[in-house]
Amino acid sequence: MALKIFKDEWLAQILEREGLVPADSIQAMRQSPEPYVANLLVEKAIMTPVAIGKLVTSVHGIQFQDPPDTMDPDKFAVSLIAVDFCKRNMIVPLKSDEESIECLTANPLDEEPQLDLAARVGRKIKPFYGL
C-alpha cells in the first residue's frame, strides 16, 4: 500500500521533526480519508487551531488567522475569485486593495494555487494560515 501524503505534508514533517506528535500517530492518521493533517489534529484534540497556527508562524513566518464563525470578507475581494477555485484550493479571500489580496488558506506553502490566483486577479497574494 502506498504511503498517503497529506495536502499539508509539510506540517506533518514539522510535527515529526519537532517531536510534537509521535511518528506512529501521524502514520495512524494517514489511514483517514481526511486530506489535511491539521484537521485531524484538531478533530482528535491533539492540537488546537491556535497551537497549529503558532507553530506555522514560528517555523515559516506565515501569520495565523483564526476565522470567526461569521466571517465578513471584503465583498470586492470575494468577487475576484471563483467559488470553485476557492473550494478546490481551500482559499478564502479576506480583503484586497489595488496591489494585493489577502487570503486565508489551509495550505500556505502550496505556491501553485497562489501563483494561479495572482495571475487571475492581477494582484500580489498575501497568504494567512487558517483552518
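The model is predicted, so local features need pLDDT of at least 70, side-chain atom pairs count only at pLDDT 80 or more, and totals for chains, interfaces and linings use all residues. Residues are numbered from 1 along each chain as its sequence is written, and side-chain values use heavy atoms, with hydrogens and water left out.

**Confidence**

The predictor's confidence in each residue is given as pLDDT, from 0 to 100. The protein chain averages 91, and 95% of the residues score at least 70. Confidence is highest in helix α3 (residues 37-43), with a mean of 96, and lowest in helix α5 (residues 75-80), with a mean of 89. Helices (H or I, at least four residues) and strands (E, at least two) are DSSP runs, numbered from the N terminus.

**Positive phi**

Most residues other than glycine have a negative phi. A45 has a positive phi, near 60 degrees, and is found in the loop between α3 and α4 (49-60). M90 also has a positive value, with phi near 55 degrees. The place of M90 is the loop between α6 and β1 (91-96), and its relative accessible area of 37% makes M90 partly exposed.

**N89 in helix α6**

N89 belongs to helix α6 (residues 83-89). N89 is classed as buried because its relative accessibility is 16%. A polar atom of the N89 side chain lies 3.0 Å from the backbone oxygen of F85. This falls under polar contacts: pairs of N or O atoms within 3.5 Å, where within protein one must be able to donate a hydrogen and the other to accept it, and residues adjacent in sequence count only if both atoms are side-chain atoms. Leaving aside residues up to four places away in sequence, N89 touches T105 and P113, with contact meaning heavy atoms within 4.5 Å.

**Cysteines**

How many disulfides are found in the whole structure? The search finds zero, a disulfide being a pair of cysteine sulfur atoms within 2.5 Å.

| Cysteine | Relative accessible area | Class |
|---|---|---|
| C86 | 13% | buried |
| C103 | 2% | buried |

Note on methods. Buried means under 20% relative accessible area, exposed over 50%, partly exposed in between (1.4 Å probe, protein chains only).
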